[in-house]
Amino acid sequence: MGLEVCKNHPGRKAVGICATCHVPICQECAVKSPAAPKQVFCSKEHMQQFISFEESGRGNIPKLPGRSLVKRILSMIIALVVIAAILHVMGWIPKLIPLPFYDMF
């Protein structure tokens, strides 16, 4: 932001960017609000727009429902069964799990 100049006063260095329209503004043009102390605005209208937008709860957008815990557990069980079947077909189960009854057959 070092080389930006005010949109209303081209000879003046900008001290901030309007939080609503993102244009550079100088100290004289900057409008501040106690409701948004870290923001600067180019006009009172933009300040009001920003504050009403923030108060409207835009940060509280509902999340899309995710997969339930039951579905996650079922998908993990299915994946483990598939892996076990593949290992059984390949003959790796007796090597991985040495059980006494494998030696009987």
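# Report on a predicted protein chain

From the N terminus on, the elements of the protein chain follow the order β-β-β-β-α-α-α. There are three helices and four strands in the protein chain; helices (H or I, at least four residues) and strands (E, at least two) are DSSP runs, numbered from the N terminus. The model is predicted, local features need pLDDT of at least 70, side-chain atom pairs count only at pLDDT 80 or more, and totals for chains, interfaces and linings use all residues. Residues are numbered from 1 along each chain as its sequence is written, and side-chain values use heavy atoms, with hydrogens and water left out.

## Burial and contacts in the chain

Of the 105 residues in the protein chain, 22% are buried. Buried means under 20% relative accessible area, exposed means over 50%, and partly exposed lies in between (1.4 Å probe, protein chains only). A contact means heavy atoms within 4.5 Å. Among contacts between residues at least 6 apart in sequence, 10% join residues at least 24 apart.

The table lists individual residues with their relative accessibility.

| Residue | Relative accessibility | Class |
|---|---|---|
| Cys6 | 2% | buried |
| Lys13 | 57% | exposed |
| Cys29 | 12% | buried |
| Phe41 | 0% | buried |
| Ser43 | 18% | buried |
| Phe50 | 16% | buried |

## The cysteines

A disulfide is a covalent bond between the sulfur atoms of two cysteines. Here the term is applied to a pair of cysteine sulfur atoms within 2.5 Å. A search of the whole structure finds zero disulfides. For Cys6, the closest cysteine sulfur is that of Cys26, at 3.6 Å, which is too far for a bond. For Cys29, the closest cysteine sulfur belongs to Cys6, at 3.7 Å, and this is also too far for a bond.

## Helix H1 and its surroundings

Helix H1 comprises the twelve residues 44-55. From its first C-alpha to its last, H1 reaches 16 Å, close to the 16 Å expected at 1.5 Å a residue; the expected span is 1.5 Å times one less than the number of residues. Within H1, the residues His46, Met47, Phe50 and Ile51 are buried. These residues cover an arc of only 130° around the axis, so they lie on the same side of H1; the arc is that of the directions from the helix axis to the C-beta atoms. An α-helix has 3.6 residues a turn, so residues three or four places apart point the same way.

The buried residues of H1 are covered by elements that include strand S3 (31-33) and strand S4 (36-41). The face of H1 turned away from its buried side carries the exposed residues Lys44, Glu45 and Glu55.

Rings of Phe, Tyr and Trp (its six-membered ring) pair if their centres lie within 6.5 Å; planes under 30 degrees apart count as stacked, over 60 as edge-to-face and the rest as tilted. By this rule there is one aromatic pair. The pair is formed by Phe41 and Phe50, whose ring centres are 5.3 Å apart and whose planes stand at 55°, so the pair is tilted.

Ser43 is located in the loop between S4 and H1. Its side chain makes a polar contact with the side chain of Glu45, at 3.4 Å. A polar contact is a pair of N or O atoms within 3.5 Å; within protein, one must be able to donate a hydrogen and the other to accept it, and residues adjacent in sequence count only if both atoms are side-chain atoms.

## The segment before strand S1

Lys13 is placed in the segment before strand S1 (16-17). Lys13 and Pro24 are eleven residues apart in sequence, and their C-alpha atoms are 8.7 Å apart in space.
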